[in-house]
Amino acid sequence: MVHHHRATLLPHHHHDEEKQQAEEEGDGKTLKELRGRLADYACHHRKHGHDALLLMLAGFAFVSLLLLLLPNSPFSAAMDDLLQLGRTPRRCDQEMAPTPPAPCAGVPNGTVCCDRSSPRADLCVMRGDIRTHAASNTLFLLAAAAPADERIRPYTRKWESSVMSTIDELRLRAVPEAEGSAAAGAGPARCDVRHDVPAVVFSTGGYTGNVYHEFNDGIIPLYITARRYNRKVVFVMLEYHDWWMTKYGHIVEQLSDFPPVDFSNDTRTHCFPEAVVGLRIHDELAIDASRMPGNQGIRDFRHMLDDAHRGRINAIIEEENAAPQAAPAAAALAKKHVTEALADDDKPRLVIVSRNGSRAIENEPELARAAGRAGFRVTVLRPRPDTELAQMYRVLNGSDVMVGVHGAAMTHFLFMRPGSVFIQVVPLGTDWAAENYYGEPARRLGLRYVPYKILPSESSLFRRYARDDPVLTDPVAVNAKGWQVTKKVYLDGQNVRLDMARFRRRLREAYGHWAAQRRRQQSQPL
């Protein structure tokens, strides 16, 4: 018995670029968003006849608008935090529909169910006597209720045919008991390894090697799919990479108590009572808590990352403390640095995530000096392909502000503590991607997201194109020519030189947010 759920692909939405001057009108935007948040609350309570509460909200709105005019007050910062909680106002005529059960959630024993309704990924569930057969890239379901033959590529970029063609295709065969005695195609006759927990089958191929795709297409969907099993699950990996396990093994250990299975190279027959083939994905670097057991969301994922890296970070610290004692001159210099570090302990920590090649900050040293003069303790982080993830996590988890240019490395905002500040430099032609791939996900995590949209004069393209060229004046039209044009012009062909007079406003905003948070913390009783 096979169940299919299909839907057409979602339409692509094109977002017009915001006018550059709107970036400078933060106060008006803030007030507008506040009114939207209050309107949502009012809609909810009006439906329940809470007229008195509406009067209270009206008074709250009036007082709040006045407090927002005091830029450095703790009340203003509190209101900023309120605005970060939600970004999409809901009309009064919109009801919150109950979340329907996920397709294939209740699969009977002896059956296969495939959910192909998502535009992002297919997912199949098998229950019963499931056996692996690596030689034919097949999962067999023996003694099935009905014959079935499904094929699936377990990767979460279903709409991208080019990358999906590189993913190994699995065949899922349900063999009824009457056919089980036939030698040809009946499936493995015995189990070499019998597991009493389910399997989750997925690919670590595709865009693996790009940190954004590793988290968006792999790690977060793996968390979404496997968390319900409370670590009592075996991961079966296609396109298995040793380096991937070296990099993400600490995270995998938080999701499974068992070693993973390299499907293609492990020729033994592994038997499972259940198999989920493919991963569920919700949105860009996001988790929809309403679809998760226990309403677990992106902050719960962030707590899991804390647990995953804590042991290795402690080991790194112990290794540093156990290093041989330095010579007297070096020891004196180290003591001087320690003294300076203690003096800097009262300063917020700002990390600049540096880029090599395209979209680099050409005046990065000037940026570091300006941040230091603004009151920050500055670290320039230059990640390499072999940089240990725990080292990155240690630096960013301990920072108060992260600054970087739009690109895959901005995925590391996931390593920052909620309440921290994320300043993303947005080059020409990248507005939509910067907002949707990093800006909105950062807000969901609870970060203070501060975009810095560069002017044409801050782009290296300004030196290559005429002032009236659409590359500078109409990036939306240029992007409409296709991905390859966007990649060539705006992603691979552009660096930035920050206008420090403009950018210092972002530094002041970040410092003010940190200072307001600190005042609130200090005012709280012990």
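Reading the labels in a predicted model

Author: In this predicted model, helix α10 (residues 389-397) has L389, A390, M392, Y393 and L396 as its buried residues.

Reader: What makes the buried residues of α10 line one face of the helix?

Author: Seen down the axis of α10, the buried residues fall within an arc of 155°, so they line one face. The elements that cover them include α6, α7, β12 (349-353), β13 (377-381) and β14 (401-405).

Reader: Which aromatic cluster holds Y393?

Author: Y393 forms one aromatic cluster with F202, F215, F235, W244, Y248 and F415. A search of the whole structure finds 15 aromatic pairs.

Reader: Why is the pair of Y223 and F301 called edge-to-face?

Author: A pair of rings is described by the distance of the centres and the angle of the planes. The centres of Y223 and F301 are 5.3 Å apart, and the cut-off for a pair is within 6.5 Å. Their planes are 85° apart, and over 60 degrees counts as edge-to-face, so the name applies.

Reader: What does the pair of Y223 and F301 tie together?

Author: Y223 lies in helix α5 (residues 211-226) and F301 in helix α7 (residues 298-321), so the pair ties together parts that are 78 residues apart in sequence.

Reader: How do you know whether Y223 and F301 are buried or exposed?

Author: Buried means under 20% relative accessible area. Y223 has 0% and F301 also has 0%, so both count as buried.

Reader: Why is the pair of W244 and Y248 called tilted?

Author: The planes of W244 and Y248 are 50° apart, with 5.4 Å centre to centre. Stacked needs under 30 degrees and edge-to-face over 60, so 50° leaves tilted. W244 and Y248 are 4 residues apart in helix α6 (residues 242-255), a separation of about one helical turn. Both residues are buried.

Reader: Where is E284, and what makes it count as buried?

Author: E284 is in the loop between β11 (270-277) and α7. Its relative accessibility is 12%, and the cut-off is under 20%, so E284 counts as buried.

Conventions. Residues are numbered from 1 along each chain as its sequence is written. This is a predicted model: local features need pLDDT of at least 70, side-chain atom pairs count only at pLDDT 80 or more; totals for chains, interfaces and linings use all residues. Side-chain values use heavy atoms; hydrogens and water are left out. Rings of Phe, Tyr and Trp (its six-membered ring) pair if their centres lie within 6.5 Å; planes under 30 degrees apart count as stacked, over 60 as edge-to-face and the rest as tilted. Helices (H or I, at least four residues) and strands (E, at least two) are DSSP runs, numbered from the N terminus. Buried means under 20% relative accessible area, exposed over 50%, partly exposed in between (1.4 Å probe, protein chains only). The arc is that of the directions from the helix axis to the C-beta atoms. Contact means heavy atoms within 4.5 Å.
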